[in-house]
Amino acid sequence: MQLFHYHLVTSKAREVEARYIGKLGFDLVARHGRIGEDLTSYEPGTSWDELDAAGFKLRLSELELGAVNVVIQPGQWPLPRVDHIGIALDDEEFELAVAVAEATGLRIQEQGGRRTFVSTEAGYRLELHPPRDWIEDLLGRSDRLQVAELHLKADDPDTKAGALADILGIERAGADVEIGETLVRFVDGGPQGRPELYGELFV
């Protein structure tokens, strides 16, 4: 079980993207969006000035560093909020998490046979992945940097941590949940709904 991805929503998408690239050393994978009615994607090498001149409207910016994948989506909040967390599971862990979600009446969404989303009913979602070749490739890279700690600011840390631990069938210590080698910590003082990104530690 490993946390390898999280999806952020913010009104300052360009600034947040620049932080990950310039300060944290992430690589830009691609920017996805549209020009007029046409969906399009741009790989690294095309500047924002060129994109603006072409009338490009950003939908998602995808970034990677080692075994960590971060997606940034334009939205209404200046401080980034987490829409969902991506977790790689083995077959047994995946089946257990889906069974728990079904038994407790949580909403489950399958997208294209590639991704399974589970609503926690605590303001954020989980993106659950059984073993897949592309995840194994990502997690097996030689520069296997990963998320050691992810701190999220929330209105009710215990409830948000409990929802995460219950679906995954793992223990928690208060508002701390250990997912494989990653500590997810919910801290008090955040907004209702989606939790705010509060801190990250990569190793």
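Helix α3 runs over residues 91–103, and its 13 residues should span 18 Å at 1.5 Å a residue; the end C-alpha atoms do sit 18 Å apart, so the two agree. The expected span here is 1.5 Å times one less than the number of residues, while helices (H or I, at least four residues) and strands (E, at least two) are DSSP runs numbered from the N terminus. The model is a predicted one, so local features need pLDDT of at least 70 and side-chain atom pairs count only at pLDDT 80 or more, whereas totals for chains, interfaces and linings use all residues. Residues are numbered from 1 along each chain as its sequence is written, and side-chain values use heavy atoms, with hydrogens and water left out.

Now for the sides of α3. Phe 94, Ala 97, Val 98 and Ala 101 are buried (under 20% relative accessible area, with exposed meaning over 50% and partly exposed in between; 1.4 Å probe, protein chains only). These four cover an arc of only 95° around the axis, which puts them on the same side of α3; the arc is taken from the directions from the helix axis to the C-beta atoms. An α-helix has 3.6 residues a turn, so residues three or four places apart point the same way. Turned away from the buried side of α3 is a face with the exposed residues Glu 92, Glu 95 and Ala 103. The cover over the buried residues of α3 includes β7 (108–111), β8 (115–119), β9 (125–129) and α5 (157–168), counting heavy atoms within 4.5 Å as contact.

As for the ends of α3, a side-chain oxygen of Asp 90 comes to within 3.2 Å of the backbone nitrogen of Glu 92 at the start. After α3 comes Gly 105, with a positive phi near 75°.

One of the elements covering α3 is α5, and α5 is itself mostly covered, with nine of its 12 residues buried. Among them are Lys 160, Leu 164, Ile 167 and Leu 168. From first C-alpha to last, α5 reaches 17 Å, close to the 16 Å expected.

The largest pocket holds about 500 Å³ of space. Its lining counts 21 residues, and His 5, Glu 62, Val 71, Arg 115 and Glu 127 lie nearest its centre. β4 gives the most to this lining, with four residues.

Definitions and conventions: Polar contact = N/O pair within 3.5 Å; in protein donor to acceptor, adjacent residues only side chain to side chain. 1 Å grid on protein atoms, 1.4 Å probe; cavity = no way out; pocket = protein on both sides within 12 Å on 5 of 7 lines; lining within 4 Å. Points joined across faces, edges and corners; volume = space filled by probe spheres on them.
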